[in-house]
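Hi,

Here is the structure I promised to pass on. Have a look at it first, and my notes follow below.

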Amino acid sequence: MSSSDRSRAVDLTRTYEVRTYGCQMNVHDSERLSGLLEDAGYVRAPEGSDGDADVVVFNTCAVRENADNRLYGNLGRLAPMKTKRPGMQIAVGGCLAQKDRDTIVKRAPWVDVVFGTHNIGKLPVLLERARVQEEAQVEIAESLEAFPSTLPTRRESAYAAWVSISVGCNNTCTFCIVPALRGKEKDRRTGDILAEIEALVGEGVSEITLLGQNVNAYGSDIGDREAFSKLLRACGKIEGLERVRFTSPHPRDFTDDVIAAMAETPNVMPQLHMPMQSGSDTVLKAMRRSYRQDRFLGIIDKVRASIPHAAITTDIIVGFPGETEEDFEQTLHAVREARFAQAFTFQYSKRPGTPAATMEGQIPKEVVQARYERLVALQEEISWDENKKQVGRTLELMVAEGEGRKDGATHRLSGRAPDNRLVHFTKPDTEVRPGDVVTVEITYAAPHHLLAEGPTLDVRRTRAGDAWEKRNTAEAAKPVGVMLGLPQIGVPEPLPVATGSGCALD
């Protein structure tokens, strides 16, 4: 290629940036959006571009407090950049787009594309249509057009992957707007799920997380209440798949066969994230949660009896309408009994369109804040005590990328234990890559992480580490410019935030 041709290639390169808000489902959708754009010829903008890309996509959440204010604030900051850059495009998708639809373009007329949760596969086509017609394209589908996992993807990790087994939710929790935005539960065929997992393992992935709004209700489409436990056991037969996780289950559907499958399938990790939301039976009833405190704690007891070293985490909402001091004390009691490894705690906030938003007995902000602080203090104490029990244990860690913010300064690396606890360990003399497995002895515990300050006991190079190395080598070798044609048409875990509805996936 001549220097003039190379210059033309650089000029024709179109870059993109995807900004993600919300739950793991949104993170998974953003991987699909990135894959769609790259399949259409776009190139990912460098880290830290901060809107300096030809296409900026917001994948939004309608659950968190002030989600709309955050979106419009970010859109406002991009408006002058778009004025200075002819051809720049802005797209808004996700749950807030599904909910607000035409409102987005009215409030931010410089937005080019608005798409919903059911038609993310249309993004490249809508961008091209907006460019040609020189007007905003708003397209919101009312039902799922294609299961997200059938779309191209650009996974954030070379060694770990999300695998969606269902979308939507059949629950009617009064604080949650997700079912209205993502629709009723729709399950994938088991064969399709296992085929995707096997393909991922073939690419070097060694850890997968089964993903669903209510993951353990899998099988409701076909009336098989044991479909989820059967899926876990089937994952145990996939050669090369070292770690299986899932999120988020609902206590209503958490049956004994799931606990047995977790305990008896070696590659299903001893970890459970199960939202409790409240410890008060009165509040749970008002939330329209179909279990009570005894049922929830009974599941915890059964899991611990079958899997003694399981780390159990949860979601809790503080200040739900009508919550009394006695109700809150019941939540504190349940937290003391359950002894969660960690709790994602949320201050209740009104979500327009949910029954809870119009309930009587809205709690004053100062009361909610005070209860929230008491809950966080209790959980911090329990988390620290539970982590101290890990000191002296020898654990196998999967080396992680980007999880230790101070690793460079401390000369450490970071990894995840089988129970998903974050461990920072002394960097060994042997080269270690993300996806590789190390064996360490825990020497110190903090509330949110563990330390292994001694020498690394063993380093096992893995196919997952090979995959990470191959990807990084390929990324470094990418050409400077990419000739862009028309887009193809058709279907080709941190500290929790302090506010929100408490609905991560369930």
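A word on the annotations before anything else: UniProt positions are given in the numbering used here, feature names are shortened, and annotations may be inferred rather than shown by experiment. This is a predicted model, so local features need pLDDT of at least 70 and side-chain atom pairs count only at pLDDT 80 or more, while totals for chains, interfaces and linings use all residues. Residues are numbered from 1 along each chain as its sequence is written, and side-chain values use heavy atoms, with hydrogens and water left out.

Now the cysteines. The UniProt annotation "binding site", from an unreviewed entry, covers Cys 23, Cys 61 and Cys 95. They span 73 residues in sequence, yet no two of their C-alpha atoms are more than 10.6 Å apart, so they gather at one spot.

Cys 23 sits in the loop between strand S1 (15–20) and helix H2 (24–39); helices (H or I, at least four residues) and strands (E, at least two) are DSSP runs, numbered from the N terminus. With 14% relative accessibility, Cys 23 is buried, where buried means under 20% relative accessible area, exposed over 50%, and partly exposed in between (1.4 Å probe, protein chains only).

Cys 95 belongs to helix H4 (residues 95–100) and is buried too, at 5% relative accessibility. Leaving aside residues up to four places away in sequence, Cys 95 touches Thr 60, Cys 61, Ala 62, Thr 117, Leu 181 and Arg 182 (contact means heavy atoms within 4.5 Å).

A search of the whole structure finds zero disulfides, a disulfide being a pair of cysteine sulfur atoms within 2.5 Å.

The other thing I looked at is helix H13 (residues 325–338). In H13, the buried residues are Asp 327, Phe 328, Thr 331, Leu 332, Ala 334, Val 335 and Ala 338. Down the axis of H13, its buried residues fall within an arc of 160°, so they line one face of the helix; the arc is that of the directions from the helix axis to the C-beta atoms. The cover over them includes helix H11 (281–287), helix H12 (293–306), strand S13 (311–318) and helix H14 (365–388). After H13 comes Arg 339, with a positive phi near 50°.

Cheers
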